[in-house]
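Work through the exercises below with the sequence and the 3D structure at hand. Try each task before reading its solution.

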Amino acid sequence: ESQTESSTNNHRKKKNHCTNIKMDHLDSGFVGLERALMVNAKTLDRLTKEHSEAKKKMDDKSIEADKKTFLKAQIPKMESEIKDVKEKLLNLLESEELDPRGEYYLLAEKLVK
C-alpha cells in the first residue's frame, strides 16, 4: 500500500468516525438567540433543582455538619446565580425573534415565574 492510499484510507476512517458521533444537546443546531435561550433555560432548570436539593439537605438531620456548612456557603451563591440567569432569560424572552412555541422558550417561561 502506498503512502497516498494509506492517507486516503485514514481520511475515510476519520470521516466515517465523525458521522457516527451522536450530537449532544449543546450541538443540536441551535444558534444565536435560540442557543442562548437553550443554554440559559437548561442552566436555570439545573440550578433550581440543585438549590431545592440543597435546601432539603439542610433540613435533613442525617446529613453531616460538614456537608451542611458547605451547603450553607453554596446556597447563597446558587441563589445569586439563579437570579442572574433569570434576568438573562427574561431579556431573551422579550426578543421577537424567538418562537414562543419552542421547547426552550416554554421551559424558560415556566422557570422565570
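**Exercise 1. Find the aromatic pair and describe its geometry.**

Step 1. The structure holds one aromatic pair. Rings of Phe, Tyr and Trp (its six-membered ring) pair if their centres lie within 6.5 Å; planes under 30 degrees apart count as stacked, over 60 as edge-to-face and the rest as tilted.

Step 2. The ring centres of Phe30 and Tyr104 are 5.5 Å apart and the ring planes stand at 80°, so this pair is edge-to-face.

Step 3. Phe30 sits in the loop between α1 (3-19) and α2, while Tyr104 belongs to helix α4, so the pair ties together parts that are 74 residues apart in sequence. Helices (H or I, at least four residues) and strands (E, at least two) are DSSP runs, numbered from the N terminus.

Step 4. Buried means under 20% relative accessible area, exposed over 50%, and partly exposed in between (1.4 Å probe, protein chains only). Phe30 has 25% relative accessibility and so counts as partly exposed. Tyr104 has 11% and so counts as buried.

A note on the source: this is a predicted model, in which local features need pLDDT of at least 70, side-chain atom pairs count only at pLDDT 80 or more, and totals for chains, interfaces and linings use all residues. Residues are numbered from 1 along each chain as its sequence is written, and side-chain values use heavy atoms, with hydrogens and water left out.

**Exercise 2. State which elements the protein chain has and where confidence is lowest and highest.**

Step 1. The protein chain has four helices and zero strands. Read from the N terminus, the order is α-α-α-α.

Step 2. pLDDT is the predictor's confidence in each residue, from 0 to 100. Its mean over the protein chain is 83, and 75% of the residues reach 70 or more.

Step 3. Confidence is lowest in α1, with a mean of 45, and highest in α3, with 96. Residues 4-23 have a pLDDT below 50, and this stretch has three contacts in the model beyond near neighbours in sequence. Contact means heavy atoms within 4.5 Å.

Step 4. Where pLDDT is low, the predicted coordinates should not be read in detail.

**Exercise 3. Sort residues of α4 into buried and exposed, and work out how the buried ones are arranged.**

Step 1. The buried residues of α4 are Tyr104, Tyr105, Leu107, Ala108, Leu111 and Val112.

Step 2. Looking down the axis of α4, these buried residues fall within an arc of 165°, so they line one face of the helix. The arc is that of the directions from the helix axis to the C-beta atoms.

Step 3. Glu103 and Lys110 are exposed on the other side of α4. Glu103 has 59% relative accessibility and therefore counts as exposed.

Step 4. The cover over the buried residues of α4 includes α2 and α3.

**Exercise 4. Which residues does His51 touch, and is His51 buried or exposed?**

Step 1. His51 lies in helix α2. Its relative accessibility is 14%, so His51 counts as buried.

Step 2. Not counting residues up to four places away in sequence, His51 touches Ile75, Met78, Glu79 and Ile82.

Step 3. The C-alpha atoms of His51 and Ile75 are separated by 6.6 Å, although these residues are 24 positions apart along the chain.
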